[in-house]
Amino acid sequence: MSHNEVIDKLEQQPATLRRQEMLITLVNEDNKKKRGLWVIITLLSIVTIAGLWVTYYYNVPAATQTRVYHFIQSLFTSQLLFYIGVGLAAQMVDGALGMAYGATSSSLLLGLGIPPAIASASVHVAEVFTTGASGIAHFKLGNVNKKLFLYLLIPGMAGAIIGAYLLSDKIDGDVIKPFMSAYLMILGIIIIRKGLQSQRRKSKVKRLGPLAFVGGFMDAIGGGGWGPIVTSTLLSKGRTVHYTIGSVNAAEFFISASSAVTFLIFTGISSWQVVVGLIIGGVIASPFAAILVRKIKRKPLMIMVGIMVIILSLRTIYLSIH
């Protein structure tokens, strides 16, 4: 029996002084192990970064160093703060709700005047980092139903690749912008509806493949929607919450990676400032999102997020047609 299983078993037993003492001892031992692991990871990271810097400084030609310097200088401008703010807001929402990162960040980026293809590409490149960490955590915690995960994976990736290809190579960004905002507005309504919905009795979900395909396609072409479409549908059928969120989030890494790679192949990424801002904002927001989810009730937060997405989408539609 593993260390965590022993702790879980003790927590389920009737409260006694002996049980409490054993629990405190086990938890303290577990925390010491984790602290030691983080110290090792930190030291390895420092050594790796120092080694890379020394290699770069002494072995990379001066002309290349100049180009790198100018690239970094172009990233870290005052405009980066706006994108950090977008990443911070989106990650706070996603950390608290387990969904709506794409809908929130895409709505905010479109509101800042970013073209649809660049907004969607930037969101999905940034999401590769956030969903990767989330997926690993869900696998480790046993929140992934492997059968459900596999059912969602291939159709979702296929939909994401087709959606990203169409947005990057076949569809005019100026033409699709109001339609993309209209789609995000519908996502806002879905988020509000999900917040107001009570838990239903479990019923069998048919056609998981088409559901995943539509979720992946709309996520890529609309800049978000995998969570609101797939998670909301599965939860509305009464499926177990932690297995649903864990499986959908684990699959989302591959959906985001498929979209990001497709965008990289057909259009490249010219918006590294947006990507860097989203990642920095997401990293800053992660610990605060964990606090937020304990302080604010899920239902009012979902309603607030849905209203925000709708208002931002309406504003973008209005500016697009005037």
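1. In this predicted model, helix α5 (residues 101-111) and helix α6 (residues 116-140) have axes that come within 10 Å and cross at roughly 140°. Axes are lines fitted to C-alpha atoms, for helices over the stretch in contact, with angles from 0 to 180 degrees between N-to-C directions. Helices are DSSP runs of H or I, at least four residues, numbered from the N terminus. The angle makes α5 oblique to α6, since angles under 35 degrees count as roughly parallel, over 145 as roughly antiparallel, 65 to 115 as roughly perpendicular and the rest as oblique.

2. From α5, the contact (heavy atoms within 4.5 Å) includes Tyr-101, Ser-105 and Leu-109. Pro-116, Val-123 and Glu-127 are among the residues that α6 supplies. By class, this contact has 7 nonpolar, 3 polar and 1 charged. Here Ala, Val, Leu, Ile, Met, Phe, Trp, Tyr, Cys and Pro count as nonpolar, Asp, Glu, Lys and Arg as charged, and the others, Gly among them, as polar.

3. After α6 comes Gly-142, with a positive phi near 75°.

4. A second pair is helix α7 (residues 146-170) and helix α9 (residues 208-222), whose axes come within 6 Å and cross at roughly 35°. Their contact has 16 nonpolar, 5 polar and no charged residues.

5. Residues are numbered from 1 along each chain as its sequence is written, and side-chain values use heavy atoms, leaving out hydrogens and water. Local features need pLDDT of at least 70, side-chain atom pairs count only at pLDDT 80 or more, and totals for chains, interfaces and linings use all residues.

Definitions and conventions. Helix = DSSP H or I, 4+ residues; strand = E, 2+ residues; numbered from the N terminus.
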